[in-house]
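Dear colleague,

Please find the structure below, followed by my notes on what was found in it. I would be glad if you read them with the model open beside you.

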Amino acid sequence: MATLKDFRNNVKPNWCPGCGDFSVQAAIQRASANIGLEPEQLAIVSGIGCSGRISGYINAYGFHSIHGRSLPIAQGLKMANRDLAVIASGGDGDGFAIGMGHTVHAIRRNINITYIVMDNQIYGLTKGQTSPRSAEGFKTKSTPQGSIESALSPLEMALAAGATFVAQSFSSNLKQLTTLIEEGMKHEGFSLINVFSPCVTFNKINTYDWFKENIIDLEETPEYDPSNRVAAMTKIMETNSMLTGLIYQDKSRRSYENLVHGFKEQPLATQDIKITSEEFDKL
Ligand code: SF4
Ligand code: MG
C-alpha cells in the first residue's frame with residue numbers, strides 16, 4: 001500500500017518560502033495516502049497561477065493546463081476513466097475570474113471530482129493585482145485607490161449553484177485540511193474545498209495572523225448540521241464567509257457519471273463505440 005512518501009517526487013517547488021500552497025500540496029499527498037490510493041490511481045489537473053504548479057510537485061498523473069480551464073479537463077478525464085481519482089486545482093483568480101463559468105457548471109453537473117482552490121485573495125504570479133476574492137478597498141497596482149467591487153463569496157456561490165459538497169480550510173491547519181480533502185475525495189459527486197492559502201509576498205493584508213484572527217471554525221459549533229442547506233447559507237452569511245470546516249454535504253444526490261445513460265456499465269475509455277452517421281443523425 002502506498003504511503004505519503006510515494007506521492008512525493010524530486011521536483012523542488014519554486015513557491016516563495018512561507019507560501020500557503022506548500023501545505024495544500026502536503027495535505028493532498030497525505031489525504032491520497034490515507035484513503036489508500038496508489039500514485040497511478042490519482043490525476044491532478046491545475047490551472048495557471050502560482051498554485052497551478054502543484055500538479056508538477058506530486059507523484060501522480062499531472063496536467064498543468066490552461067488558465068481557468070482545469071475543470072473541463074478534469075471532468076473529461078473522469079468521464080473517460082472513472083476509476084481514476086481526479087483533483088482539479090488552482091487559485092482564486094483562475095477559478096473565480098476567468099474560470100468562473102466552468103466552476104459554476106461543474107458544481108451543478110456534479111461529476112465525481114474534487115476541486116481545491118488556493119485562495120490568497122490576490123493574483124500572485126503576476127506580482128499582486130486585485131482578484132475576485134479581494135475585499136472592497138483592497139489596494140494593489142490594479143486598484144491603487146482601493147477596490148470598488150465587493151469580494152465574491154465562493155461558498156455562497158457554490159451553494160446557490162447546487163453544490164453537493166462545500167468545505168473551507170486554512171493552510172495553517174494541516175490536520176483539518178487533510179481530513180477535508182479526504183472527505184471531499186470520498187464524496188460521490190463534485191466537492192469544492194476553498195483553502196485560505198496566504199500569499200506572503202504580495203498580500204500584506206490577508207496574512208497568516210489576519211486569517212487566525214478572523215477565521216470562525218465550525219469545530220466551535222458542534223451542533224452544526226452540514227446536511228442543512230438553508231442553515232449552511234445562513235451560517236456563511238452570518239460569518240462573512242470566514243467559516244472553516246465541512247459546511248455542506250448532500251449525500252443523497254448521485255454523481256453525474258453514474259446517471260449518464262449507458263455509462264453506468266462501462267466507462268467511455270473501455271467502450272467500443274461504433275456509430276454510423278445515419279444512427280448519429282437519428283439521436
Ligand atoms: Fe505563493 Fe505569493 Fe509567492 Fe506566489 S507570489 S509563490 S502565491 S507567496
Ligand atoms: Mg490568487
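Of the 283 residues of the protein chain, 45% count as buried, a residue being buried if 20 or more other C-beta atoms lie within 10 Å of its own, exposed if 12 or fewer, and partly exposed in between, with C-beta atoms placed from the backbone. This is a predicted model, in which local features need pLDDT of at least 70 and side-chain atom pairs count only at pLDDT 80 or more, while totals for chains, interfaces and linings use all residues. Residues are numbered from 1 along each chain as its sequence is written, and chains are lettered from A and ligands numbered from 1 in the order in which they are written.

On overall form, the protein chain has a radius of gyration (taken over C-alpha atoms) of 19 Å, which agrees with the value near 19 Å for a compact globule of 283 residues, the globule rule being 2.2 Å times the number of residues to the power 0.38. Residues 24 or more positions apart account for 70% of the contacts with a separation of 6 or more, where two residues are in contact if their C-beta atoms, placed from the backbone, lie within 7 Å. The protein chain has ten helices and eight strands, which are DSSP runs numbered from the N terminus (helices H or I, at least four residues; strands E, at least two).

In helix 2, the buried residues are Ser70, Leu71, Ala74, Gln75, Leu77 and Lys78. They cover an arc of only 155 degrees around the axis, which puts them on the same side of helix 2, the arc being that of the directions from the helix axis to the C-beta atoms. Those buried residues pack against strand 1 (42-46), strand 3 (85-91), helix 4, strand 4 and helix 9 (256-259).

In helix 4 (residues 100-109), His102, Thr103, Ala106 and Ile107 are buried. Seen down the axis, these buried residues fall within an arc of 130 degrees, so they line one face of helix 4. Among the elements that cover them are helix 2 (70-80), helix 3 (92-98) and strand 6 (191-196). Asn110, which follows helix 4, has a positive phi, near 70 degrees.

Finally, the residues around ligand 1 include Trp15, Cys16, Cys19, Asp21, Cys50 and Asn120, a residue being near a molecule if its C-beta atom, placed from the backbone, lies within 6 Å of it.
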